[in-house]
Structure formats: structure tokens, C-alpha cells
Amino acid sequence: MGALSCRAAKLAAPVLLAVFSFVTPAFAANPAISPADTAWMIVATALVLMMTIPGLALFYSGMVRKKNVLATMAQSLAAVALISILWVAFGYSLVFVGNGPLLGSLDRWFLAGMTMDSVNPAAKTIPEGLFMLYQMTFAIITVALVAGSVADRMRFSAYLLFSIGWFIFVYVPLAHWVWGGGFLGAAGVLDFAGGLVVHLSAGAGGLVAAMVVGRRRGYGTENLSPFDLSLAVMGTGLLWVGWFGFNGGSALAADSRAVMAITATHLAACAGALTWGAIEWSVQRKPSVLGMISGAVAGLGTITPASGFVEPWHGILIGVIAGCVCFWACTWLKRRINYDDSLDVFGVHGIGGMTGILSTGVFATASIGGTSGLLEGNPHLLLTQLYGIAVTLGWSAVVTYILLKLVGLFVPIRVSMQQELEGLDISQHGEALQ
């Protein structure tokens with residue numbers, strides 16, 4: 001009986017081997033996909049989404065008046081919902097599929113052809129679907145950032161139409177030009193996590209929007225102080241933590257470069273907060289909470305393009321520079337030009353993004369990102385970075401102006417005087433804080 005069983009087992013072994021060799025590939029993971037990288041990028045994606053809701057929603061709403069808190073939050077919420085669908089429909093494909101100098105292709109229209117095992121050439125160790133989601137969160141927060149320049153006065157319907165147009169004609173082309181194989185990336189422009197694509201584009205668009213929409217009623221003559229800075233502080237904390245995914249995740253791998261980027265990011269935020277606070281202390285005899293959180297965000301935005309190319313200690317220098325330059329932009333420059341950028345999108349993100357791009361050209365270290373900057377004997381990189389700034393600034397400003405004029409042909413961009421006085425919460429959403 002034992003011999004018979006042994007013989008049966010020997011006969012069955014080839015059959016079982018054949019069955020499992022046929023079945024196993026259907027369940028085998030793509031050997032190029034790294035579980036560690038995938039796990040980290042899932043976390044990073046969640047962190048960056050958190051930057052918009054609730055991070056940016058709290059940060060912005062804490063700095064407006066009580067009658068506009070819900071309307072300000074609604075803009076961030078709407079950006080998440082609207083841009084997510086547009087990104088899946090065509091945004092991802094136009095940015096990251098195909099390598100034309102101006103735009104990609106529509107091969108991934110509504111994610112057509114994307115499978116569980118497919119990867120994008122830009123991120124070969126994580127599933128393509130995860131790469132798509134991660135990049136989606138960048139598009140979301142960029143569009144949401146612009147709204148801060150026209151807080152307290154833009155009609156919600158106009159904001160929705162403007163957001164659609166701005167995403168299509170500003171964000172999508174710029175993201176492809178820098179990150180998707182377009183002409184700026186091919187020229188050697190370095191932007192690790194969004195100094196051009198996110199911060200400068202939003203800042204330039206915000207400045208133009210503030211000028212086209214006009215100043216708030218009572219600007220310069222009435223008290224327009226923030227409703228609740230504690231909300232803004234909580235928002236800053238969420239943004240700060242989320243930025244670890246924003247910059248660290250841009251390494252697209254769970255590796256040492258991600259750690260270097262996160263360290264530089266944190267140090268820049270610390271240095272920016274301390275610098276802005278110190279300047280206020282010396283000028284006004286008191287460091288304001290608003291100033292310290294503004295300095296932290298300035299440091300975070302400024303280190304963004306450089307974070308994956310510089311040494312961690314460079315983050316401290318860049319944070320100090322950010323605190324000084326952005327403070328100057330939000331005070332002296334703002335008064336000089338006399339524009340009403342409600343939440344200082346241009347002064348913090350626009351000027352910060354521009355400063356970060358230039359800092360990359362100066363401090364870039366070959367041992368970190370593979371490219372040397374000015375301090376390592378490569379002045380050409382600084383000129384290349386200036387080229388990227390000029391293209392981004394010009395494109396975002398001109399297209400934003402055209403879009404606002406076009407939107408104005410369909411709906412009024414600004415609420416009426418009476419609606420502005422009673423607040424956007426009531427006039428645009430029929431709700432109000434009690």
C-alpha cells in the first residue's frame with residue numbers, strides 16, 4: 001500500500017507542477033514593482049491630498065473674515081472634486097503619457113489601457129495607477145492655491161469655470177513641459193517637486209487674478225483682520241506634515257533621496273518661521289503668529305524645487321532666504337504695487353517658488369541629485385533656471401488674464417457689493433457660521 005501511494009505521488013507531481021506553473025503567473029506581481037516604494041508612495045499620496053483638505057482649507061479659512069469661512073473652504077473642496085475627475089479624464093494622459101515637446105497624448109484617456117501591472121516610465125517601481133493618483137494631488141492643490149488671491153470676493157460659479165480653464169491651459173502644459181518630457185525638462189530645468197509647476201504658476205496666476213477682480217471693499221480703510229488664526233495654525237501644521245509627502249514623495253521611491261528631501265524640507269520650514277518672526281520682532285517689537293506661520297509656509301514653498309538636489313543643511317540657508325524675501329514681498333512690494341492679494345499667494349508662493357528655483361541653480365549638489373549648481377562650478381544651470389522662470393511666469397500670467405476675461409463673458413466674476421458686504425457664505429452657499 002505504501003509503495004502504491006509513493007508511486008501515485010510520483011505520477012501526480014508532474015501534473016501538479018504543470019497546473020501551478022500555468023496558474024501562478026496570473027497572481028505573480030510585476031517584478032519591477034517594489035512593495036517598499038509602493039507602500040511609501042501610498043502614504044505620500046495621502047499626505048499630499050491632506051494638504052488641500054483639510055490643510056489648505058483650514059489655513060485659508062482661518063485668515064478670512066467670519067462671513068467668508070465656509071465659502072473659502074468650499075473652494076478647496078471643489079478643487080479636489082473637480083480636478084480629480086478632469087485629471088482622470090485627460091489631464092494625466094496629456095502630462096505623463098507621450099513625450100511631445102508641448103503636450104503628451106490621449107492614450108490614457110479615462111485611464112484606458114491601464115492595468116494592475118502597468119508602470120509609467122517616470123516611476124518604474126510603483127503601479128501606474130498609484131503614480132497617476134500621486135500626481136493628481138499636485139494638480140489639485142495648485143488650482144486650490146490660486147483661490148487665495150481672490151478670497152472674499154469671487155463668485156463661486158466663476159471660480160469653477162476659471163478652475164477648469166486654468167487646469168487645462170496652465171497646469172497641464174506646464175507640468176508636461178517640466179516633468180512629462182516637454183521642452184523645459186529637455187532644456188535641463190530642475191524642479192524637484194513644484195517650484196515652477198505649482199508655486200510660481202499659482203503665484204503668478206493669483207497676482208493677475210487679484211488685479212483683474214479688483215480689491216476688496218474696504219481694503220486699506222477697514223479692518224479686514226483674520227477671523228480665527230487658530231484654524232490657520234492647524235492648517236499650517238497639516239501643510240507642514242503633508243509637505244513630507246509632497247517633497248519626499250517626489251523621489252518616487254523609499255530611498256535615501258526621499259529622506260534627504262524631507263530633512264531639507266523640515267529645516268527650511270523651521271528657518272523660515274524663525275526668520276519671519278525675527279524680522280517682525282525687530283520691526284514691530286512683537287513676532288505675530290500670522291507672521292511665523294507665513295514664514296514656515298514660505299520656507300516650505302521655497303525649498304520645494306530644490307529639496308531633491310541639495311544637502312539638508314542647505315535647507316536652513318534657503319529657509320532664511322525665503323523668510324527675508326517673502327516678508328519683503330508681502331509688505332514693501334505689495335504696498336508699492338498696491339494690489340490686494342488677499343492671502344499673499346504671490347508674495348509667499350510666487351516669490352518663494354521663484355527664489356527656490358534660483359536657489360536650486362546655486363546650491364544643487366551632484367552627490368544628491370546628479371547635477372551641480374553654481375557653487376560646484378556650473379553657472380549654466382542658473383541660466384537654465386532663469387529660463388524656466390521666464391517661461392512659467394509669462395505663460396501663467398498671460399493665460400490667467402485671458403481666462404478671466406473669457407469667464408467674465410459668461411458669468412460675473414465678482415459678487416455684487418451687497419453680496420460682498422453680507423458675506424460669501426450666505427450669498428454663494430446659503431449657509432453661515434453662528
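Are Asp344 and Lys334 buried or exposed? Both residues are buried, where buried stands for under 20% relative accessible area, exposed for over 50% and partly exposed for what lies in between, with a 1.4 Å probe and protein chains only.

1. Basis of the note. This is a predicted model, in which local features need pLDDT of at least 70 and side-chain atom pairs count only at pLDDT 80 or more, while totals for chains, interfaces and linings use all residues. Residues are numbered from 1 along each chain as its sequence is written, and side-chain values use heavy atoms, with hydrogens and water left out.

2. Asp344 and Lys334. These two side chains form a salt bridge with the closest N and O atoms 2.9 Å apart, a salt bridge being a side-chain nitrogen of Lys or Arg within 4 Å of a carboxyl oxygen of Asp or Glu. Asp344 lies in the loop between helix 11 and helix 12 and Lys334 in helix 11, so the pair ties together parts 10 residues apart in sequence; helices are DSSP runs (H or I, at least four residues), numbered from the N terminus.

3. Arg216 and Asp340. The structure holds 7 salt bridges, and in one of them Arg216 meets Asp340, with the closest N and O atoms 2.8 Å apart. Because Arg216 lies in the loop between helix 7 (195–213) and helix 8 (229–248), and Asp340 in the loop between helix 11 (312–337) and helix 12 (345–363), the pair ties together parts that are 124 residues apart in sequence.

4. Arg217 and Glu420. A salt bridge (3.4 Å, N to O) joins these side chains, and it links distant parts of the chain, with Arg217 in the loop between helix 7 and helix 8 and Glu420 in helix 15 (residues 417–422), 203 residues apart. Arg217 is partly exposed, with a relative accessible area of 34%, whereas Glu420, at 2% relative accessibility, counts as buried.

5. Helix 3. This helix (residues 69–96) has a kink of about 65° centred on Trp87, the bend at a residue being the angle between axes fitted to the seven residues ending there and the seven starting there. Just after helix 3, Gly98 takes a positive phi of about 95°.

6. Tyr171. Not counting residues up to four places away in sequence, Tyr171 touches several residues, including Trp87, Phe138 and Trp179, a contact being heavy atoms within 4.5 Å.

Note on methods:
Helix = DSSP H or I, 4+ residues; strand = E, 2+ residues; numbered from the N terminus.
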